[in-house]
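Me: Could you take a close look at one strand in this model for me? I'd like to know what sits on either side and who pairs with whom.

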Amino acid sequence: GKMAAASGLAAAPPVCVLVLGMAGSGKTTFVQRLAAHLHGQRCPPYVINLDPAVHDLPFPANIGESCRPCLAPGLYRYGLGPNGGIVTSLNLFATRFDQVMKFIEKRQNASKYVIIDTPGQIEVFTWSASGTIITEALASSFPSVVVYVMDTSRSTNPITFMSNMLYACSILYKTKLPFIVVMNKTDIIDHSFAVEWMQDFETFQDALNQETSYVSNLTRSMSLVLDEFYSSLKVVGVSAVLGTGLDDFFVQLSKAVEEYEREYRPEYERLRKTLEKAQNKQKREQLEHLWKDMGSVCVQGNTLAGSDDASAMGPSELILTRGTLDEEEERESDTDDIDHEVTEESHEEPAFRNFMQETRMKYQRTSNPNE
């Protein structure tokens, strides 16, 4: 970042790596190993922990303690259980995620990667409103990639493997971001069997023939549906304990970033422009309502005052011409009590005061459309 600033080039925005995974899949250990690997490469990441239930983080987190105090109100103040407390704490944390975005923007020249660890109760993050807010906030500003950590040792059963893939597929379509499946714990069992199941339909069918439960028929049918999902899926085997497979992971991560720039960033830019147009349209409508309200009050006030010249003016013209009319009208109107001295009262004073009071009330109501 310093070299880019010295050469006058803008530093590339950091890559946000959103790590998701089931409880016990080795997700937090993978984040620890990933952060240690980047520190060893003299590329320290910006680490964020979004799990409020963790007691001791095995890795140094730049933002990790801030969401933990939110768990207590969710558990005790609202009388919720552990899952409800995590949902509530994440919702409270999401209300201030704009501050997190500012922290990331300040560190974007110093950190090339932003690693975000999520709760083990994966449904809390993927299906709640807070998870959507956090994901869209990151993806709208920085290249973002979803990493789904999978326990390979628990997926040797074809039915369990299929259920895991179905959940990964649902997360992919939920987040609408580049997706990488990290098959963790390759130090226990190699992930080559799972890759073969994904690439060869017949091999997976042979493994299913050994199952006699009724779910095997459903799994056989679903394997045909996921064939297209497998064709574009990025898969890498990693051992978070030994640190093997990380080089392959960063190769897949660079491809995912290219996919984001090619396919996802234009969509987010289009959504941002659409949102800006909608906001500008709403502002224009509010100004038009304000113009109409002030114009109607202006006409009423001038009709009562009996001034033909002022009634032909618009509200802004009337305001701009106050104090620039003839001196005789200024002395008679008794309006500019700050810039002019009033020597005698005019019969137009009550009408104009009513006009100014109604105009002020109309403006206050229009400037606060939610009230």
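**Strand β3 and its partners**

Reply: In β3, isoleucine 115 is the bridge partner of valine 17. That pairing belongs to strand β1 (residues 15–21), which runs parallel to β3 over 5 bridges; strands count as paired if DSSP finds at least two bridges between them. Helices (H or I, at least four residues) and strands (E, at least two) are DSSP runs, numbered from the N terminus. Bear in mind that this is a predicted model, where local features need pLDDT of at least 70, side-chain atom pairs count only at pLDDT 80 or more, and totals for chains, interfaces and linings use all residues. Residues are numbered from 1 along each chain as its sequence is written, and side-chain values use heavy atoms, leaving out hydrogens and water.

Strand β2 (residues 46–49) also pairs with β3 in the parallel sense, over 4 bridges. Here asparagine 49 has aspartate 117 as its bridge partner in β3.

What about burial? In β3 (residues 113–117), 5 of its 5 residues are buried, meaning under 20% relative accessible area, with exposed over 50% and partly exposed in between (1.4 Å probe, protein chains only). In a regular strand the side chains alternate between the two faces of the sheet. Tyr113, Ile115 and Asp117 are on one side of β3, Val114 and Ile116 on the other, and both faces are covered.

Now step across to valine 47, in strand β2. Valine 47 is buried too, with a relative accessible area of 1%. Beyond its neighbours within four places in sequence, valine 47 has contacts (heavy atoms within 4.5 Å) that include Ile115, Val31, Ala35 and Phe59.
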